[in-house]
Amino acid sequence: MSMHFTSAALAGGGGLGAYQVGVMRALAEHDALEGIQMFSGTSVGALNAVLWSLGDVELAEHIWRTWVDPIGMVGKLERCHTGFHMSRETLREVLKKADITRIKHRAPVYVCAHDVRAGKRRYFCLNNRSESEMIVVLLASSAIPVIYAPVKIGGSVFMDGNSSMTSPIDNYPIEVLYRKGARDILLVPLKHRFDGHRVTSWVSVRCQDMYELFPEADISVIKPTCDIGGMRGVVDFTAESIRSRMAMGYMDGSDFFRRAPDIVRPEGHHADVIRSLAERYIQTAADMDSFVALHKNKKITAVSPTLGGRMWYEDILDVDGQRLQWHSKVPAAGKLLRCHYRILGRNDELRAYWFDPEDLIEDLLIFGRQKETGE
């Protein structure tokens, strides 16, 4: 998990996007913002990608706290060529006042929008465009279906970048950064249940494994530690909600940099990293008991201890008959268990589990730090 990044991808989520501004401040305070050389965003994440590129935290916070009108952002009903939709005038004015053309000579900003006719996502680089063209692209990327009218660009019609029913990763615009050569990527989703191994969008039930789609990429994730609004929050631009989400983003972003700063994470495949850390810090039965006690996920009944039996699992560590295992083999009907990690006791009882290897790595790093410092 890198503490500094060369690129950043910001997910969409309407009013929830205030969270990303809080993360921006945390990155700036840890000198991690200025090192980002490429940005991408979907919907409100595209607007925030522009603000991140400008590097002015005070401006970003001012825009969200002062210029974002809770009534104007949703807009008033107006008739257009596709029927009745909400007006976008408030967002237009915000973009003009922010003087977004200043990104022309800064790091590239790529915006994801959904091409309705082609049925697929498309990325636009904002830096080489006029102010009016930039605004049109940003309006297209945030044109939530039904609420806002589609936006014409050239000979195509575009909607919110997260409008695809077939590709869950459209709301997480890593692809363009990866294609441009980025391998050290920060992703800021706006769903507290986001899981990189089972990525879903707001509108799709299909899952994709982000880490399989982008091999060799070191993808760090800063996400909300609790629910910041869900679907209702997408259209919630009230001052109180914006302040709360910005504070949460700052807290989570700051916490990201406080995670075991004196322990260097090994490089390699998740299972190899986990094995290396586990062998270093869990050497006795007492260590295993302490580590399980530290584990934050106590609802172990969510996974049956015998599900998949032994044939689908591989031991990473065996300490006095207690085994740390990973779900290494995925049968046709078992994809929901991909990358599942668990600890079994001496009698095969389930003691702990992790669905995301990054969570297990974080727990091992925290445990290692406590063990080495005696905290």
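Mentor: Buried means under 20% relative accessible area, exposed over 50%, and partly exposed in between, with a 1.4 Å probe and protein chains only. This is a predicted model, where local features need pLDDT of at least 70, side-chain atom pairs count only at pLDDT 80 or more, and totals for chains, interfaces and linings use all residues. Residues are numbered from 1 along each chain as its sequence is written, and side-chain values use heavy atoms, with hydrogens and water left out.

Trainee: What makes strand β12 mostly covered?

Mentor: Six of the six residues in β12 (322-327) are buried. Q322, L324 and W326 point one way, R323, Q325 and H327 the other. Strands here are DSSP E runs of at least two residues, helices H or I runs of at least four, numbered from the N terminus.

Trainee: How do you know that β12 pairs with β11 and β13?

Mentor: Pairing takes at least two bridges found by DSSP. Strand β11 (313-319) has six with β12, antiparallel, and β13 (341-344) has four with β12, also antiparallel. So both pass the cut-off of at least two.

Trainee: Why is C112 called buried, and what is C226 called?

Mentor: C112 has 0% relative accessibility, so it counts as buried. C226 has 32%, so it counts as partly exposed.
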